[in-house]
Amino acid sequence: MKRQKNKIAGLQKRKAISGYIFISPFLIGFLVFMVQPLLQSLYMSFCEVKLGAGIFDLQWNGIKNFYTAFRVDPNYVRYLTEELSRMVVNTLAIMVFSFFVALILNQKFKGRALVRAIFFLPVILSSGVMLGLETDNALMANLSSAIQDSASGVSITDALRDILRTAGVGVRAYNQVFEIIDNIYDVAIASGIQIIIFLSGLQTISASMYEAADIEGCTKWESLWKITFPMISSLFLVNWVYTIIDFCMRSDNNVVDRITEVMTANMDYGLASAMTWVYFLIIMAGIGVTSFIISKGVYYYD
């Protein structure tokens, strides 16, 4: 027994060493190239930055930049609240969408490889070049306008929305749901990596576990909750963190646009740094709290 425990401990140690070797390029790059700019940015957030010809002067002004961001700037707090709310809704939508698409793609059917390739397209389309072609393509814009002009003007979604709003029950919830429906294309575009991660986890689950569950009389719904969810629960945590970070780096982020405007148009590097650090710390705090909650339900197995 003692020998077996030592064997398991040695295996775990080798896995840990392999993991550190795998992430060592990132750690080295972070320490060499990122630590100093981060510390300088943090210091700048407490300073008034004066720029000129060959001049880069930092004068300490305490928390004035943070006060300006929250109490003086007319847009920052509003953008921050809107983006954080949108992040929560979109992240949940992406997690649910990617998980159920992965469940479908894990089934055996004809043309499965082709369908998987189609759902992997969002990863390609979300790359910088393709995204630029998509957003700046005049042909696509004209095509979209032509489709809207040729429509009969009758929308089932709009009619259903009006009926539910007239009923006056759960208006805010309905608005969130319809907002997700309207943005389903964006949700699909942002779900490529998550689908692949979920699919890789589903493929590691032994078929014998489902066969044993069938013999014991478990329904598909029970197998989903008793086998599938626990076996890939760790991947929910991975995808959650990835989705939040990916959302914060999107090009349509109003907070980032406001920070860029303050930095480039107003040339106020101190205020821009303070806004950036506030946004960064809120996101890190959100990731930390939600990851702690999710990790309580994660099942780890050897």
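Predicted model: local features only at pLDDT ≥ 70, side-chain atom pairs only at ≥ 80, totals over all residues.

Reader: Ok, and where is Glu222 found?

Author: In helix α12, which covers residues 220–231.

Reader: What does Glu222 touch, leaving out residues up to four places away in sequence?

Author: Gly217 and Ile227. There's also a polar atom of the Glu222 side chain 3.0 Å from the backbone nitrogen of Thr219.

Reader: Switching to rings: how many aromatic pairs are there?

Author: The count comes to 14. Take Phe46 and Trp60: their ring centres are 5.5 Å apart with the planes at 15°, so that pair is stacked. Phe46 sits in the loop between α1 and β1 and Trp60 in strand β2, so the pair ties together parts 14 residues apart in sequence.

Reader: Is Trp60 buried or exposed?

Author: Exposed, at 55% relative accessibility, because the cut-off for that is over 50%. Phe46 is partly exposed at 23%.

Reader: And what kind of pair do Trp221 and Trp225 form?

Author: Edge-to-face, with 5.8 Å centre to centre and 70° between the planes. They're four residues apart in helix α12, so about one helical turn separates them. Both also belong to a cluster linked by ring pairs, along with Phe99, Phe100, Phe198, Phe229 and Phe236.

Technical notes. Residues numbered from 1 in each chain as written. Heavy atoms only, no water. Helix = DSSP H or I, 4+ residues; strand = E, 2+ residues; numbered from the N terminus. Contact = heavy atoms within 4.5 Å. Polar contact = N/O pair within 3.5 Å; in protein donor to acceptor, adjacent residues only side chain to side chain. Phe/Tyr/Trp six-rings, centres within 6.5 Å; stacked < 30°, edge-to-face > 60°. Buried < 20%, exposed > 50% of the residue type's maximum accessible area, 1.4 Å probe, protein only.
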